[in-house]
Amino acid sequence: MNSRLLMTLQVGVAPIQTIGAVPTGTRRTAPITGGRFEGPRLRGKVLPGGSTDWQRLRSDGVLEMDLHVTLETDDGALITLTSFGLRHGPPEVMAALARGETVDPASYYFRTTPRFTTGAPKYAFLNRLLAVATGDRRPDGPIYTVHEIL
């Protein structure tokens, strides 16, 4: 299977809101405050307001992430991005991330599956591709390296 870089996406995150224990784990949300994305065929900003990462921390320590954001390209096109992912690792690494420390992304698993929709003709190729991303959780928010599957 071949892939190529689609974009690097940096997302700003407000403090996490813990909803609490639910039957399947601990539900929380991470409101998105903004961000930027850049790749060979598109670049722009992440729009705040309505963009959120819905998370569930499972009893086995795996964090399920369900990201929903609106992207605005530098030429004004709007794109929705939804992405499901998983993050987990050794307890000491996950504890360091929870404290807001910068951790080597090679020391934990952080993968997502972004999907895109848009009505902008210039970016219609996004409607027809599958992508995978690796993540790097930083103190101010994650950085995703998104590759389209060829």
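This is a predicted model: local features need pLDDT of at least 70, side-chain atom pairs count only at pLDDT 80 or more; totals for chains, interfaces and linings use all residues.

I started with the largest pocket, whose volume comes out at about 310 Å³. For me a pocket is an open set of points on a 1 Å grid over the protein atoms alone, with protein on both sides within 12 Å along at least five of seven lines; lining residues have an atom within 4 Å of a point. A volume is the space filled by probe spheres set on the points, with grid points joined across faces, edges and corners.

Numbering runs from 1 along each chain as its sequence is written, and side-chain values use heavy atoms, with hydrogens and water left out.

Next I checked which elements line the largest pocket: β4 (43–57), α1 (91–98) and β8 (131–138) each give at least two residues. α1 has the largest share, three residues. I took helices (H or I, at least four residues) and strands (E, at least two) as DSSP runs, numbered from the N terminus. By type, I get seven nonpolar, three polar and six charged residues in the pocket lining.

Then I searched the whole structure for cavities (sets of points where a 1.4 Å probe fits but cannot get out) and found one of 30 Å³ or more. The largest cavity has a volume of about 70 Å³. Among the residues lining this cavity I noted D53, R87, F110 and Y144. Its lining splits into seven nonpolar, one polar and three charged.

Technical notes: Ala, Val, Leu, Ile, Met, Phe, Trp, Tyr, Cys and Pro count as nonpolar, Asp, Glu, Lys and Arg as charged, and the others, Gly among them, as polar.
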